[in-house]
Amino acid sequence: MTAPLPRHLRRLPGQNAIVTGASGAFGSATVAVLRHLGVNVVGIDRKPAPGVIACDITDDQQVREGVAEAVEQLGGGLDLLIHYAGVGPSVDIGHLPDAHAHQALEVNLLGTWRVTAAAMPHLVRSRGRVIVTASLLANLQLPLAGAYTVSKRAVSAYADCVRAEYGTHVGVTTVYPGFVDTPIHESSRATGASLDGVVPAETERDTVMAVVRAAGAKHAPRDIASTALGTAALHLTRHFPGTTEQVVSLQLGLLLTDGTFADAEIARGLHSRHGTQYAPTALS
């Protein structure tokens, strides 16, 4: 005999869901969990896979067609939209916005907006739910992550606006994961500006289960973090921004003195302003 589902997940079996970034770490794991719980799921991602429709969320037409195809595969209805698609480039926020900054806004913010807009008529009809993935960095200004921070704070503002205008018919939850070791960090690692070890790490499972619990909740929670520590950090960064900035500034000075980002060309100006040494590793 199959054990009954926990009360907070009993609304999920039989629902229809779309997951963006479904070929990625968070997306693929969430799709697997939802299917195990009896949810009908279709993913969309730039990288197609079984059950995942090829769709570039920076392209209006592809989004319209991809969401329409996903809803058709789900039998014409949609109850749940989960957003994971995102990029995390490193930039110097004092420089003109480059292609990486534009990509962060196009994917993280406008991609979320496009897909939600395409799905909204279906969600309104079903009194459905949208789960948007922001980040603790939306309120935590770490060095060289400015494009990501700006895009994720904009994503949280977008979710708030959707709630204000559509909240009578559509539930909206914003999830704030911390640092999780996934391929999104490959671009920052390539520049030598990775946040590995700079901020406390969370696990992929933390975020996935936070999202699944939000999807199954009787009423859509407004803002959630993935862990207890993340919840404390979300409260601190939101309600005590000045204190947060002081802590980050102190930590940044210590990190630079200890050689963090020492071989990152993108951090040359940061080292100069803090009086620390930019010392790229010599190539053999």
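1. Strand 5 (residues 129–133) is mostly covered, with 5 of its 5 residues buried. Buried means under 20% relative accessible area, exposed over 50%, and partly exposed in between (1.4 Å probe, protein chains only). Arg129, Ile131 and Thr133 point one way from strand 5. Val130 and Val132 point the other way, and all are buried. Strands (E, at least two residues) and helices (H or I, at least four) are DSSP runs, numbered from the N terminus.

2. On the basis of the model: this is a predicted model, in which local features need pLDDT of at least 70 and side-chain atom pairs count only at pLDDT 80 or more, while totals for chains, interfaces and linings use all residues. Residues are numbered from 1 along each chain as its sequence is written, and side-chain values use heavy atoms, with hydrogens and water left out.

3. Next, the partners of strand 5. Strand 4 (residues 80–82) pairs with strand 5 in the parallel sense, over 3 bridges. Two strands pair if DSSP finds at least two bridges between them. Leu80 stands opposite Arg129 in strand 5. Strand 6 (residues 171–176) also runs parallel to strand 5 and is joined to strand 5 by 5 bridges. Val130 has Val172 of strand 6 as its bridge partner. For Val132, the partner in strand 6 is Thr174.

4. The connections follow. Strand 4, helix 3 and strand 5 make a right-handed β-α-β unit. From strand 5 the chain crosses through helix 4 (residues 146–166) to strand 6, and this β-α-β crossover is right-handed too. A crossover is right-handed if, with the strands pointing away from the viewer, the path from the first strand over the helix to the second runs clockwise.

5. The sheet is open and has 7 strands, in the order 3-2-1-4-5-6-9, with parallel pairing. Strand 3 (52–54) and strand 9 (223–225) stand at the edges. Each has a single partner strand, so one side of each is left without a neighbour in the sheet. Neighbouring strands of this sheet are turned by 20° against each other on average, direction ignored. Axes here are lines fitted to C-alpha atoms, for helices over the stretch in contact, and angles run from 0 to 180 degrees between N-to-C directions.

6. Ser23 lies in the loop between strand 1 (16–20) and helix 1 (25–36). Ser23 is partly exposed, at 30% relative accessible area. Ser23 and Val52 are 29 residues apart in sequence but 7.2 Å apart in space, C-alpha to C-alpha.

7. The structure holds 6 salt bridges. A salt bridge is a side-chain nitrogen of Lys or Arg within 4 Å of a carboxyl oxygen of Asp or Glu. One of them joins the side chains of Arg114 and Glu106 (2.7 Å, N to O). Arg114 is buried at 16% relative accessible area, whereas Glu106 is partly exposed at 29%.

8. Asp160, Arg163, Arg222, Asp223 and Arg238 are linked in a network of salt bridges. Asp160 and Arg163 both lie in helix 4, 3 residues apart, about one turn of the helix. The closest N and O atoms of their salt bridge are 2.8 Å apart. Asp160 is partly exposed at 24%, and Arg163 is buried at 18%. Between Arg222 and Asp223 the closest N and O atoms are 2.5 Å apart. Arg222 is partly exposed, with a relative accessible area of 41%.
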